[in-house]
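Then move to the contact between the chains.

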Amino acid sequence: MAKNALSKREEKRTDVALPEQTRSSAVTYTPRCDILETADELTVYADLPGVQPGDVDVRFENGELAIHAKCPPRHEDVHYLTYEYGIGDFYRAFAINEAIDSDKITAELKHGVLTVHLPKSEAVKPKKIAVKAQ
Amino acid sequence: MLMTRWQPYTSLWDELNRFQEEMNRLFDSFGLRDGSWPTFAVAYPAVNVWEDDEHVYAEAELPGMELDDLEIYVTGGNQLTIKGERKQPAVNQGVWHRQERGFGSFSRLISLPVDVDADKVEARLCNGVLTITMPKSETAKPRKIAVKTE
């Protein structure tokens, strides 16, 4: 009885902000990554299966590269006969020691693989010094 | 407090089973229903299978692959095969700091719970997720039986 009265009163209060469901899933997965360093840049590859291109957030801040990808559940109320992997958001961060030209960082997502190009800043790129003959 | 008495002559297996049951009950109390945690895949790729009245669905995460790299077929009515090769992008210079992603050929055979129509199997690869839709064969579909009243 008291509970009913309370819920009715709450229904009326539409102006009150309700707690927002900010995460679609409770589990966050760590994606598998490869990191390749060449003379010009660092390249990070991350497997993000099921992630839409608009749902990836790549940030480079204070020498840390953070990858956060949203992956909402693809099927609701499904009774699995075989359940070998879960679906959820991805998160991974790396500390980057190299001097990176942060304005020139690019990232692309293709077939569920994220590729982040981190070009090295000019100051740290190896320079070939010409030796003059006298 | 445990209400069971310590019985020195019960085997270690009984004790372990009891421990497992305790653990299961502990997880149940957190609201984690049976089947809400994935079981470890025995082979690559990991596959989720589910069904509705008309179809059986199989889904696998295959990032970085295209449909041309895959071979999917159903044999014997209910044996699903997923075959393929994930090729590593050619790199001719540089140093790998981390290599966690796997590459190479794979093949997985999955026994489906019912027979499916092998000619009407559809496969879709979207953002690195493979979804296979297999219509159940007519004999495997659930039938509603009308109950007559006399």
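Asp77(A) is exposed, with a relative accessible area of 82%. Here exposed means over 50% relative accessible area, buried under 20%, and partly exposed in between, with a 1.4 Å probe and protein chains only. Asp77(A) sits in the loop between β5 and β6 of chain A. Its phi is near 50 degrees, a positive value in a residue other than glycine. Most residues other than glycine have a negative phi.

The model is predicted: local features need pLDDT of at least 70, side-chain atom pairs count only at pLDDT 80 or more, and totals for chains, interfaces and linings use all residues. Residues are numbered from 1 along each chain as its sequence is written, chains are lettered from A and ligands numbered from 1 in the order in which they are written, and side-chain values use heavy atoms, with hydrogens and water left out.

Asn62(A) also has a positive phi, near 50 degrees. Its loop runs between β4 (56-61) and β5 (64-69) of chain A. Strands are DSSP runs of E, at least two residues, and helices are runs of H or I, at least four, numbered from the N terminus. At 81% relative accessibility, Asn62(A) counts as exposed.

Now turn to the interface. Chain A gives 35 residues to the contact and chain B gives 38 (heavy atoms within 4.5 Å). Between them the chains bury about 3,300 Å², 52% of it on carbon and sulfur atoms. Buried area is the accessible area (1.4 Å probe) that two parts lose on being put together, summed over both. In chain A, Glu84(A), Tyr85(A) and His111(A) lose the most area to chain B, together 23% of what that side buries.

Seven salt bridges link chain A and chain B. Each is a side-chain nitrogen of Lys or Arg within 4 Å of a carboxyl oxygen of Asp or Glu. One of them joins Arg74(A) to Glu61(B), with the closest N and O atoms 3.8 Å apart.

Which elements give two or more residues to the side of chain A that touches chain B? They are β2 (33-37), β3 (41-47), β6 (80-82) and β7 (89-95) of chain A. The largest share, five residues, comes from β2(A).

Four bridges join β2(A) to strand β5 (residues 95-99) of chain B, and the two run antiparallel. Strands pair if DSSP finds at least two bridges between them. Glu37(A) has Val95(B) of β5(B) as its bridge partner.
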